[in-house]
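Visitor: I have a structure open and would like to go through it piece by piece. Can we start with single residues and then move to helices and strands?

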Amino acid sequence: MSRFDSALGLIGNTPLVDISGISPNPSVTILAKLEGQNPGGSVKDRVALSMVEDAEKNGDLKPGQTILESSSGNTGIGLALVATVKGYPIKIVLPENVSIERKQLLELWGAEIISTPGSEGSNGAMRHAKELAEQHPEYWYPFQYGNAANPRAHYEGTGPEIWRDAPEVTHFVAGLGTAGTLIGVGTFLKEQNPDLQIWAIEPPLGEMVDGLKNFDEGFVPPVFLDGNGYELLNRKKAIGIRASLEYTRKLRDVGVFAGISSGAVAAGAAKCAEEIDSGTIVIVIADGGWKYLSTGAWTDDLDAVEERAKGIIYF
């Protein structure tokens, strides 16, 4: 067993597991990287640590300075974990209609929650955080959507880990959110194999699937533009809440207890598998299902859960 100086040393080097049981094509292998194994429970632990350590290195974040960021859950939780270990106070701007577990986890890690209207989603939380940052220049505002340390965490960590464990990968399928995972991992993997395909998963136009974004609705993260995202992508697929929930349950059936955005990405991987003759698809399971149990996503009638999603941010 390895020994680490702190829990932050546990971030990264997550396992890759074969979930080909969800593949509709027997000639296509699907592998899932289990980011819920990070100490804060999600892939955003990597981003949080990368942004904080980058800011410490360049002098933007000083001892005792308050961290301010917007989040629909996972980035805030990751930042709160890192802030607790490193001794920074932290404020998280959060839509009021996220699942109760996300609020509890933020409070557990000592974050002060600033609520914004649920109807405005994560974009509304982001706008409010920007306003607060302008009013309080003494805060450090990482702005995950435009912070180069976000995709760098995946270019230097997640991508090389995938290539180390699955050099046979032919397709990488990822959700469009901040686009950090897609840009960082996708850029690294295409440098190793230019023929590798990058597929992005987004919600249908006009459908609010928080945590994932349809860029045609207006806001395109600077991370995506700076990383030449349009040139990097080979395909985009729209996955709605119903398919996301169905595939969250399919993941359970192969032993992976995952969050609902991971269900969307898994559904996208299954579509990819239907459309290719053979290959190996890798997806990132962004987090575990623990913080979504209150939604009833695994136990309630799917019609009821889908309807409930209009009022609760599941992603």
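Visitor: Is Ala 179 buried or exposed?

Guide: Ala 179 is buried, with a relative accessible area of 3%. Buried means under 20% relative accessible area, exposed over 50%, and partly exposed in between, using a 1.4 Å probe and protein chains only. This is a predicted model, where local features need pLDDT of at least 70 and side-chain atom pairs count only at pLDDT 80 or more, while totals for chains, interfaces and linings use all residues. Residues are numbered from 1 along each chain as its sequence is written, and side-chain values use heavy atoms, with hydrogens and water left out.

Visitor: Where is Ala 179 placed?

Guide: Ala 179 sits in the loop between β6 (171-175) and α6. Helices (H or I, at least four residues) and strands (E, at least two) are DSSP runs, numbered from the N terminus.

Visitor: What about the phi of Ala 179?

Guide: Ala 179 has a positive phi of about 80 degrees, although it is not a glycine. Most residues other than glycine have a negative phi. Asn 228 is not a glycine either, and has a positive phi of about 55 degrees.

Visitor: And where is Asn 228?

Guide: In the loop between α7 (222-226) and α8 (229-232). Asn 228 is partly exposed, at a relative accessible area of 47%.

Visitor: Next, Lys 291. Buried or exposed?

Guide: Lys 291 counts as buried, at 6% relative accessibility. The loop between β9 (279-285) and α11 (302-308) holds Lys 291.

Visitor: What does Lys 291 touch?

Guide: Leaving out residues up to four places away in sequence, Lys 291 touches Gly 41, Asn 74, Ile 77, Ser 99, Glu 101, Arg 102 and Leu 105. Contact means heavy atoms within 4.5 Å.

Visitor: Now Pro 194. Buried or exposed?

Guide: Pro 194 is exposed, with a relative accessible area of 64%. Pro 194 is in the loop between α6 (180-192) and β7 (197-202).

Visitor: OK, helices. How do α5 and α6 cross?

Guide: The axes of helix α5 (residues 149-165) and α6 come within 7 Å and cross at roughly 50 degrees. Axes are lines fitted to C-alpha atoms, for helices over the stretch in contact, and angles run from 0 to 180 degrees between N-to-C directions. The two helices α5 and α6 are therefore oblique to each other. Angles under 35 degrees count as roughly parallel, over 145 as roughly antiparallel, 65 to 115 as roughly perpendicular and the rest as oblique.

Visitor: Which kinds of residues make up the contact of α5 with α6?

Guide: Nine nonpolar, nine polar and one charged. Ala, Val, Leu, Ile, Met, Phe, Trp, Tyr, Cys and Pro count as nonpolar, Asp, Glu, Lys and Arg as charged, and the others, Gly among them, as polar.

Visitor: And at what angle do α1 and α2 pack?

Guide: Helix α1 (residues 44-58) and helix α2 (residues 74-86) pack at an angle of about 50 degrees, with axes 8 Å apart. That makes α1 oblique to α2.

Visitor: Last topic, the strands. In what order do they lie in the open sheet?

Guide: The open sheet has three strands in the order β3-β4-β5, with parallel pairing. Two strands pair if DSSP finds at least two bridges between them. The edge strands, β3 (67-70) and β5 (112-116), each pair on one side only.

Visitor: How many bridges join β4 to β5?

Guide: Five bridges join strand β4 (residues 90-95) to β5. In one of these strands, β5, Glu 112 is the bridge partner of Lys 91.
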